[in-house]
Amino acid sequence: KIICLSGPPGVGKTSIGRSIARALNRKFFRFSVGGLADVAEIKGHRRTYIGAMPGKMVQCLKNVGTSNPLVLIDEIDKLGRGHAGDPASALLELLDPEQNANFLDHYLDVPIDLSKVLFVCTANVVEMIPNPLLDRMEVVAIAGYITDEKMHIARDYLEKTTREACGIKPEQVEVTDAALLSLIENYCREAGVRNLQKHIEKIYRKIALQLVRQGEIIDATVCSAQSMEPMKDKVDSDELGLDTVQKENSELVEGSDSEKVGETCDAVDEVQTGLSSDQSPSLEVAKESEEDKEIETKTIEKILVDKSNLTDFVGKPVFHAERIYDQTPVGVVMGLAWTAMGGSTLYIETTFVEEGEGKGSLHLTGQLGDVMKESAQIAHTVARAILLEKKPENPFFANSKLHLHVPAGATPKDGPSAGCTMTTSLLSLALKKPVKKDIAMTGEVTLTGKILPIGGVKEKTIAARRSEVRTIIFPSANRRDFDELAPNVKEGLDVHFVDDYMQIFDLAFGDEQSQNIK
């Protein structure tokens, strides 16, 4: 099969392709088609043109020298389209198992059998790949890594390779687990580990510089301690050993053999060592040995990277705690969102602006997209219907001007999955009742109050864990996605699956009266 590995940048798609080739004991060839706009790159030029070349596949077979290599086609979602044809259409023949048994290269003009070649493609966004091309591939989605996985990757692989590259011995440095966890949580929340690798490299480069500077200081102390005495030795030995050197030179002129020369050199060395040892008093020797011991202890001194001094190596944290409220006040509910960085928690805040007969309206802020604005209008209608059903005498929505905001204001947001969160926020304000502590929810709501499925269950669950949320509400259609998650992601979470909004209403506001009495 032709496999397409899809996922965010830095999750190791190219590395997986290389590992498959190593496991199958096949030759590996990689070519990137990102921005490729010329069909001749794939199909080859006709030989009538000056500078004509065969296509990439012929070059590949020529380089590897086997008929069954593993060919990694990188960035297949970023194919260009130039004046010289559409490369995506040219790839159809290459990637179709029915057609590539006799692939015709324009340069060779001879059918080539590519049926034994194993193709692996990589892409960031599957939606960007043309449909006929996508139809020929088996898509394997690679999700981002969770904190535990990043910790293992950093410890077992990234640290080791970076240490070797910087020439640092393992006993010279220690990065604590707390520092590594802080680095992942506060600096590198991306789905992949490329940014984490950059930060680890930055830490080790600075450590290497510190070690070199320490070494220079130690060398300087050694030199200053021993500089005076060797000078004396040299002067004395030179005066006394001058005759022997002259004799040695005269012997060389006479044509003495190499053995004699060696003997005379040894004799000179013995004289010099004898002189230096005779002239150095025992007290100075004792001092020197003490200094050497001190120097040894200095060199063994380990550099410790802890949570407290992490900012000295990588600067201030990029991300801050997403949790703004310990207990959410009236009109504020925590939702779960999927972002390019993985998952994150976001608050939906609703406040009362003014009251007046027939002034019922909803004002939206927070850089919301069109889908999210529509979602807010649906939530307003659903909340109004539920309040009418629960408390017919309460005219809150009919007479109140409301303001709904989704922080942070500078971050663009879109998507339908905040529908149930917005509805809960509006009802919390209407009933003047805060929702339960440590609860987060996600799900698209319809006008009749049905809850539709959403995407990014893994990322949203990880975001909830990071914000220490204990109760999560998911649409019941997402139960299968949640069941597929690793046990360490699911443990300690109280997850509820709902298909109607009234179930969320009972979960969010159920035991609130008893809590208030307490």
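1. A quick definition first: a residue counts as buried when its relative accessible area is under 20%. Bear in mind that this is a predicted model. By that cut-off, helix H4 (residues 87–95) is mostly covered, with seven of its nine residues buried.

2. Which residues of H4 are buried? They are Pro87, Ala88, Ala90, Leu91, Glu93, Leu94 and Leu95. Note that Glu93 is on that list.

3. As for what covers H4, its buried residues pack against helices H2 (40–43), H3 (56–64) and H5 (131–135), plus strands S3 (70–74), S4 (103–104) and S6 (118–123).

4. Next, have a look at helix H6 (residues 147–166), which has a kink of about 45° centred on Ala154. Ala154 is itself buried, as are Thr147, Lys150, Met151, Leu158, Glu159, Thr162 and Arg163. In general, residues three or four places apart on an α-helix point the same way, because there are 3.6 residues a turn. Just after H6 comes Gly167, with a positive phi of about 70°.

5. The crossing of H15 past H19 is right-handed.

6. Who touches whom there? From H15 you get Cys420, Thr423, Thr424, Leu427, Ser428 and Leu431, and these meet Tyr501, Ile504, Phe505, Ala508 and Phe509 of H19. Sorted by class, the contact has eight nonpolar residues, three polar ones and no charged ones.

Definitions and conventions
Residues numbered from 1 in each chain as written. Predicted model: local features only at pLDDT ≥ 70, side-chain atom pairs only at ≥ 80, totals over all residues. Heavy atoms only, no water. Left-handed = near helix turned anticlockwise from the far one by under 90°. Helix = DSSP H or I, 4+ residues; strand = E, 2+ residues; numbered from the N terminus. Contact = heavy atoms within 4.5 Å. Nonpolar A, V, L, I, M, F, W, Y, C, P; charged D, E, K, R; others polar. Bend = angle between axes of the 7 residues up to and from the residue. Buried < 20%, exposed > 50% of the residue type's maximum accessible area, 1.4 Å probe, protein only.
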